Amino acid sequence: MASLRLLLAGMAAGLVMLAAAPGRADEPAAPATSSLRVMLDFATLAKVPDGTQTLIIGNPMVADASVQRNNVMVITGKSYGTTNILALDRNGKALEQITVEVARSHSRLVTVQRGFERESYSCTPRCEPVMVLGDSPGAFNGLNAEINTRNASAGH
């Protein structure tokens, strides 16, 4: 949590510096851009630009990123939506902007709709209830309580 606060404070300071810095004619107006699609609750790999010192995640509730060895980062989809990741060098210059779209995985997921109530099941091969964003609070919270009770019973 402390590292997240430090990252957020650094992001704010970096954005202030970027906003206040006058543009020079020999600098590119915008960083390189790329896009990436990640499935909810899945991870994917992406290359970190050479010289990256700081990664800024636009909305950490949509996606998360962690840097690994050899200029590789793992991007994990946490919620539906779109966000961006900025890679900055040690001077605060933006090297790349990655647009990250987090979408639902449709593999073997069955959705049961009863009026306004929705429940989801993973059918791999037997259908078992799963927590999916957008499910009815009763189904989602009930399954969450079961999972937490089971994990607590296991001593974790």
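Leaving aside its neighbours within four places in sequence, which residues is Ser 120 in contact with? This tour starts at that residue and ends with the answer.

The model is predicted, so local features need pLDDT of at least 70 and side-chain atom pairs count only at pLDDT 80 or more, while totals for chains, interfaces and linings use all residues. Residues are numbered from 1 along each chain as its sequence is written, and side-chain values use heavy atoms, without hydrogens and water.

Select Ser 120. This residue is part of strand E9, residues 117-123 (strands, E, are DSSP runs of at least two residues, numbered from the N terminus). Ser 120 counts as buried because its relative accessibility is 2% (buried means under 20% relative accessible area, with a 1.4 Å probe and protein chains only).

Next, select strand E8, residues 109-114, which pairs with E9 in the antiparallel sense over six bridges (two strands pair if DSSP finds at least two bridges between them). Opposite Ser 120 stands Thr 111. Two residues separate E8 and E9 in a hairpin, and Gly 115 in the turn has a positive phi of about 65°.

Then select strand E10, residues 127-130, antiparallel to E9 with four bridges. Ser 122 has Glu 128 in E10 as its bridge partner. E9 and E10 also form a hairpin, with three residues between them.

Return to Ser 120 and show contacts (heavy atoms within 4.5 Å). Beyond the sequence neighbours within four places, Ser 120 is in contact with Arg 104, Leu 109, Val 110, Thr 111, Glu 128, Pro 129, Val 130, Val 132 and Asp 135.

Key:
Buried means under 20% relative accessible area, exposed over 50%, partly exposed in between (1.4 Å probe, protein chains only).
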